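I opened this model to look up its strands, its aromatic pairs and its nonpolar cores. My entries follow in the order in which I checked them.

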Amino acid sequence: MKLLAGLVRWDVFLYFISLITAVQAFFGGGTDNYRRKVSLELNPDLSGSANVSVLHVRAVGSNDTLHFLWGSQGVPTLLLVHTDSPETRVQIDWERMLSNNISGSLTVEPASAVRYSTAFLFSKIWEYRDNSTDQSQAAADSYFPPYSLEEFTWEDLNRTLNHSALTAQLCGRNQSQHRGRVCFQISAFESWGRDPAWPRLLHSANSSQLRFVIEGVTPRSNRSRFALELLSIDSRDHEAREETHRSIDDEYTPSIFQVSQLVSVHVNSSAPVLSYAQWKPVAYRTASPVFEDSTPCRHSPASPPLPPPRLGLALAFFGGALDQGYRASAVNISFGIPGEPFYNATGYLSWSCLLGLGSPPEDSFSPVVLGIMVVGLGTPALLLLVGGAYVCVRRLGRQQPGYAPIN
């Protein structure tokens with residue numbers, strides 16, 4: 001009897017362990033333990049001072065290196081370069097970079113080690129009167145002239161560079177705006193993790209995060225909303241695809257059950273994703289938001305292939321090949337929908353985006369949610385198991401010892 005009861009308890013324990021493992025595997029649980037050694041360098045090998053900011057994020061792996069280069073030349077641009085050696089380095093011809101001969105002034109050496117490169121550009125901020133469901137359906141006369149980020153004056157990145165936190169913030173102003181500012185905060189990562197601030201995007205060692213902020217800008221209407229134009233530049237052998245993935249879990253971002261992304265893949269191929277921009281369709285109206293400060297986002301479909309703009313770091317790296325060998329795709333992300341407060345309610349707006357190489361991270365259920373699921377799924381089966389064992393034990397206890405009588 002005691003032996004049987006012990007076996008029942010052991011079976012129950014094994015049952016719960018196997019159930020937890022199965023549920024976690026099914027829903028993609030677990031973490032990516034891959035780590036990189038990350039360092040930040042502002043204006044590599046520039047002697048003296050200049051009115052320029054090029055941030056080089058170098059992420060070294062066991063047998064490769066990722067180079068993230070962030071700068072405001074032309075328009076705010078993040079250049080991503082993947083090399084197959086941990087010894088590759090960035091070289092900038094500063095004389096050309098600081099002149100009108102910027103094309104080809106930025107290289108990654110040795111060039112033979114470069115396996116893939118792409119760039120993301122933030123080119124315009126749209127402002128419009130909210131008279132429709134989303135920005136893509138707004139009437140033409142509801143738009144104000146866009147803010148071209150090429151015309152902004154940007155502050156020195158060195159003021160906000162934080163080597164220990166692996167962050168920096170680029171802020172700028174338009175000449176027509178005497179107050180307010182637009183900022184991009186970049187964060188690099190050594191390993192898998194989740195940003196502590198909403199929307200709590202999941203990141204890996206192959207990604208960086210940008211937080212876009214509009215703060216204190218005077219709106220041109222009391223019903224103003226804003227939208228951001230995101231351009232991706234990639235080889236003509238690749239294509240940009242806009243995707244939306246849905247989930248049944250909103251644990252990390254309350255009320256948001258989907259993630260949007262713009263991915264680069266080989267044309268007519270099922271090969272893995274090469275690079276991505278990933279975001280959740282939510283923005284926030286305060287710097288320290290609570291749930292009530294969130295506002296939904298919408299995005300337009302990815303545009304047909306466009307001629308890439310000859311601007312900034314993209315032109316510095318891709319050079320003359322930019323016209324013939326590359327193309328651009330554009331997505332507009334609009335912040336807010338009818339029924340939500342307008343920008344002038346708080347004068348603040350923030351939105352976060354993850355930019356990286358390889359396949360984008362996929363959200364999974366946390367141990368807390370998995371535990372709740374295990375309890376919900378396992379309790380009925382456990383009751384059946386314990387009940388069956390109890391019946392067996394009772395029946396065995398009623399049997400009398402010895403031989404049955406012979407008639």
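**Overall.** I counted 5 helices and 22 strands in the protein chain, taking helices (H or I, at least four residues) and strands (E, at least two) as DSSP runs numbered from the N terminus. I note that this is a predicted model, in which local features need pLDDT of at least 70 and side-chain atom pairs count only at pLDDT 80 or more, while totals for chains, interfaces and linings use all residues. Residues are numbered from 1 along each chain as its sequence is written, and side-chain values use heavy atoms, with hydrogens and water left out.

Of the 407 residues of the protein chain, I found that 49% count as buried, where buried means under 20% relative accessible area, exposed over 50%, and partly exposed in between (1.4 Å probe, protein chains only). I then looked at contacts, meaning heavy atoms within 4.5 Å: among those between residues at least 6 apart in sequence, 66% join residues at least 24 apart.

**Strand E4.** I looked up strand E4 (residues 77–83) and found 6 of its 7 residues buried, so E4 is largely enclosed by the rest of the structure. I took two strands as paired if DSSP finds at least two bridges between them. Strand E3 (residues 65–71) runs antiparallel to E4 and is joined to E4 by 7 bridges, with leucine 80 in E4 as the bridge partner of phenylalanine 68. The hairpin of E3 and E4 has 5 residues between the strands, and in this hairpin glycine 74 takes a positive phi near 75°. Strand E7 (residues 114–129) is also antiparallel to E4 and joined to E4 by 7 bridges, and here valine 81 stands opposite serine 117 in E7.

**Aromatic pairs.** I paired rings of Phe, Tyr and Trp (its six-membered ring) if their centres lie within 6.5 Å, calling planes under 30 degrees apart stacked, over 60 edge-to-face and the rest tilted. By this rule I count 15 aromatic pairs. Why is the pair of tryptophan 154 and phenylalanine 184 tilted? Their ring centres are 6.2 Å apart and their planes stand at 50°, so the pair falls in the tilted class. Tryptophan 154 lies in strand E9 (residues 153–154) and phenylalanine 184 in strand E11 (residues 181–188), so this pair ties together parts that are 30 residues apart in sequence. Tryptophan 154 counts as buried at 13% relative accessibility, and phenylalanine 184 is buried at 1%.

I next checked phenylalanine 335 and tryptophan 351, which form a tilted pair, 6.0 Å centre to centre with 50° between the planes. Phenylalanine 335 is in strand E21 (residues 326–335) and tryptophan 351 in strand E22 (residues 348–357), 16 residues apart. I found phenylalanine 335 buried at 4% relative accessible area and tryptophan 351 buried at 1%. One aromatic cluster includes Trp154, Phe184, Phe335 and Trp351.

**Nonpolar cores.** I took a nonpolar core as a set of buried Ala, Val, Leu, Ile, Met, Phe, Trp, Tyr and Cys residues joined through side-chain atoms within 4.5 Å. Which residues have the most contacts inside the largest core? They are Leu55, Trp70, Phe335 and Trp351, in a core of 50 residues. E22 gives the most to this core, with 5 residues. Leaving aside neighbours within four places in sequence, I listed the contacts of phenylalanine 335, among them Phe212, Arg225, Pro296 and Trp351. A second, separate core of 28 residues includes Val52, Val75, Ala314 and Leu315.
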